[in-house]
Amino acid sequence: MRSSKSSTWLRITGLIVVLCLFVFPFFFLLLNSFKANTAITSNPLAFPEVFNWDNYRNAFEKMNYTASFFNSLVITLLGVALISLFAAMTAHYFVRNNTKFNQYTFMIMVAAMIIPFQAIMIPLVKIYGSLNLLDNKWSLIYMYLGFGSPLAVFIYHGFVKGIPAELEEAALIDGCTRRQTFFRIVFPVLAPTTATISILNVLWIWNDYLLPSLILVSPENRTLPLSTFNFYGTYSVDYGPLMAGLVLTVMPIMLVYIFAQRYIIQGVMQGSIK
Amino acid sequence: MIKEKEWWPRLQNRLLFTGPTLFAFITVMIVPFLYGIYLTMTNWDGIATSHTLVWFDNYTKVFQDKVFWQSFGLTLKYVFFTVVLVNAVAFLLALGLSRGLKGQNLFRAGFFLPNLVGGIVLGLIWQFIFSNVFVFLGEKANIPLFSYSWLADPEKAFWALVVVTVWQYAGYMMVIYIAGLMSVPHDVLEAASIDGANRWTKLRRMILPLMVPSFIVCIFLTLQRGFMVYDVNLSLTKGGPFKSTEMVSMHVYEKAFLSRDYGLGQAEALVLFLLVAAITLLQVYFGKKMEVEA
C-alpha cells in the first residue's frame, strides 16, 4: 500500500503521542520512587533533586522482597514447566489414540475453559481447606496445573496433529518405546509451541492475584503481587517507599521483557491464532 | 501408530501421559464446579461443620439481592464501554503499525508494556496518577476536570476504571489484530487497488470482513475479562467511593468471604457464569456467521 509522505508523518506523530500516553504512568512511577514524601506531594512532576535510595531500602525490607520474589519465582517456574510437559504428553496421547473416550475427554477440557475462576473459587477454598491443603505453595502450583492444562492441551493438540505420524512410526520401528518417542522426537519438535505456551503462562501466573490471595495466608508464603498489595494497604501515607515498592515489583518482568520482547509478542500472536 | 498389545503397558502409558493433567483438571476444576452447584443449595456459613439443604432458596435470594443486580448492571455498562474502546483503540493501533513502519517493533513493545504487569500493580500505579499527578496538573494548569481526584467521585471513578482497562488491554488486543492483518492476503488487496479501490473501500470491503476471526477472538477475550474484572477494581477503587464502583466479581467475593454467606455467594457466581457464558457464546455464534473466505 502506498501512502503519501505527509500522511505517514501524521501517522507517526499520532503513534508517538499514544505511545507517550501508554508509557507515562511508568515514567512518573520511576521518577517519584527516588523522592521523599514531601517532594512527591508538593510536585509529583518534578525530577528528583537527589537520587534517594532510602525508599528502595525501606520497601525492600518491609515487603519482604527476597522471600516474595523467590516464592513467585518457584511457583511460576514450576507451574509453567509442569503445565507444558504434562499438557504436551496429554495432547500427544489424545491425538495418537483417537478413541471416542479420548475425544470426549478432550471436548470436556475445551468446554471447561469457559468457566471463569470466580465460579469455582468458593468451593475450591472449601474443599482444599477441609483437606488442610491451603497456605502451601505446592498446592498452589498443583492448582495452576489444573487451571492451566485445558488451554495448553488445546494449543498442543492443534500442533501435534501437524507432526507426521510416520516420523513416530519410524522411531517405534527402530526400537524406541513410546516414552522415548515422545521425549526424543515429539517434545523437541514441539519446542516453538512450548515457548508460546510458557510465555502465556508466565504472564498469567507471575501476575496472578486472586487465586494466590485465597490460597496463601501466612506472610512468608506471599508472592510478589500479594506482598505489594499488602505493603500498599499498611503503608498508605508515605508515598516514597510505595513507589519504590511498585518499581521493585515491576522490575523483574521488565528486565526479561527487554531481552525477550520479540518472543513475548510473537508468543501472544501464536497463542491467539489457534 | 503401533499400539501396546498388553493391557498393563497400555494402562501404564495412559496413566503416565494423561494422568497428571486429567487428575489435576478434575480435582481443581470439575469437582469444585460440581460441588459448587451443591453448595448453592445449602446455607453453609464457612465455619460450621454442618449445613442444611435449603434447595432453591439461594436462587430466589439471588433474584431479590438488589445490590447484586446493581453491580451486575454497573458491570454491563463497564463491559460495554471497555469492549468498544479497547477494540477500537487496539484495531487503530494495529492498522497504524502493520505497514512496515520504521521502528514498529519499538511501538508494539511500548503498547504491550502494561500487559506485563498484573492488574493489582497497574491499579496501584494509576491510583497514584489519578490522585496525585492529575490533581497537581489540574491545580497548576487550572483544568477543572482534574481539580480533584477522579477516585473520590462515584461517576468519575467509574471512568477511571474504564481508562485503566483500555490502557491495560489495548496493547494485547493490538497484537492479535496485527496477526490478523498479516494474514489478509496481499494479492487480494493489490487486485483491489488495480481495480481502483481507494484505501477506505479496501478497509471496509476487504480488510474488515477478512478480519472477522480476529474480532471474534478479541471481543470474546474483552467480554470475558470485562465481566470478571477484579484485580484493577480492587486496587484502583476498592469498589469505592461508597461502593459505587463495586463490580459483580467483587460483590460475589464479599458475599462469600466477608459476609460469610457461601451458598448465596456461590449461587450468584453460578448465575453470573451462566449469563456470561450465554453472552460470549452468542457473540461467537453470530461472529462465525459473518466470516468470509478471501
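## Where the chains meet

Two residues are in contact if their C-beta atoms, placed from the backbone, lie within 7 Å. On that basis, 69 residues of chain B are in contact with 70 residues of chain A. The largest share of chain B's side, 17 residues, comes from α1(B); helices here are DSSP runs of H or I with at least four residues, strands are runs of E with at least two, and both are numbered from the N terminus. By class, the side of chain B that touches chain A holds 48 nonpolar, 18 polar and 3 charged residues. For these classes, Ala, Val, Leu, Ile, Met, Phe, Trp, Tyr, Cys and Pro count as nonpolar, Asp, Glu, Lys and Arg as charged, and the others, Gly among them, as polar.

A word on the source: this is a predicted model, in which local features need pLDDT of at least 70 and side-chain atom pairs count only at pLDDT 80 or more, while totals for chains, interfaces and linings use all residues. Residues are numbered from 1 along each chain as its sequence is written, chains are lettered from A and ligands numbered from 1 in the order in which they are written.

## A helix pair across the interface

Let us look at one pairing. Helix α6 of chain A (residues 121-130) packs against helix α1 of chain B (residues 7-39) at an angle of about 100°, with the axes 8 Å apart. Axes are lines fitted to C-alpha atoms, for helices over the stretch in contact, and angles run from 0 to 180 degrees between N-to-C directions. α6(A) and α1(B) are therefore roughly perpendicular, the label for angles of 65 to 115 degrees (under 35 is roughly parallel, over 145 roughly antiparallel, and the rest oblique).

From α6(A), the residues Ile122(A), Pro123(A), Leu124(A) and Ile127(A) take part, meeting Val31(B), Pro32(B), Tyr35(B), Gly36(B) and Leu39(B) of α1(B). This contact of α6(A) with α1(B) comprises 8 nonpolar residues, 1 polar and no charged.

## Chain B as a whole

Chain B has 12 helices and 0 strands. Its C-alpha atoms fill a box of roughly 75 × 75 × 30 Å along the principal axes. The radius of gyration of chain B is 24 Å, whereas a compact globule of 294 residues would have one near 19 Å; the radius is taken over C-alpha atoms, and the globule rule is 2.2 Å times the number of residues to the power 0.38.

Of the contacts in chain B between residues at least 6 apart in sequence, 71% join residues at least 24 apart. Buried residues make up 42% of the 294 residues in chain B (buried means 20 or more other C-beta atoms within 10 Å of a residue's own, exposed 12 or fewer, and partly exposed in between, with C-beta atoms placed from the backbone).

## The largest nonpolar core

A nonpolar core is a set of buried Ala, Val, Leu, Ile, Met, Phe, Trp, Tyr and Cys residues joined through C-beta atoms within 7 Å. The largest one has 151 residues, of which Tyr156(A), Ala90(B), Ala170(B), Met173(B) and Met174(B) touch the most other members. Helix α6 of chain B (residues 154-182) supplies the largest share, 16 residues. Leaving aside neighbours within four places in sequence, Ala90(B) is in contact with Ala170(B), Met173(B), Met174(B), Tyr177(B) and Cys218(B).

## Two loop residues in chain A

Asn64(A) is not a glycine, yet has a positive phi of about 55°. Asn64(A) sits in the loop between α3 (54-62) and α4 (65-96) of chain A, and counts as partly exposed with 16 C-beta neighbours inside 10 Å.

Asp135(A) also has a positive phi, near 55°. Its place is the loop between α6 and α7 (137-160) of chain A, and with 15 C-beta neighbours inside 10 Å Asp135(A) counts as partly exposed.
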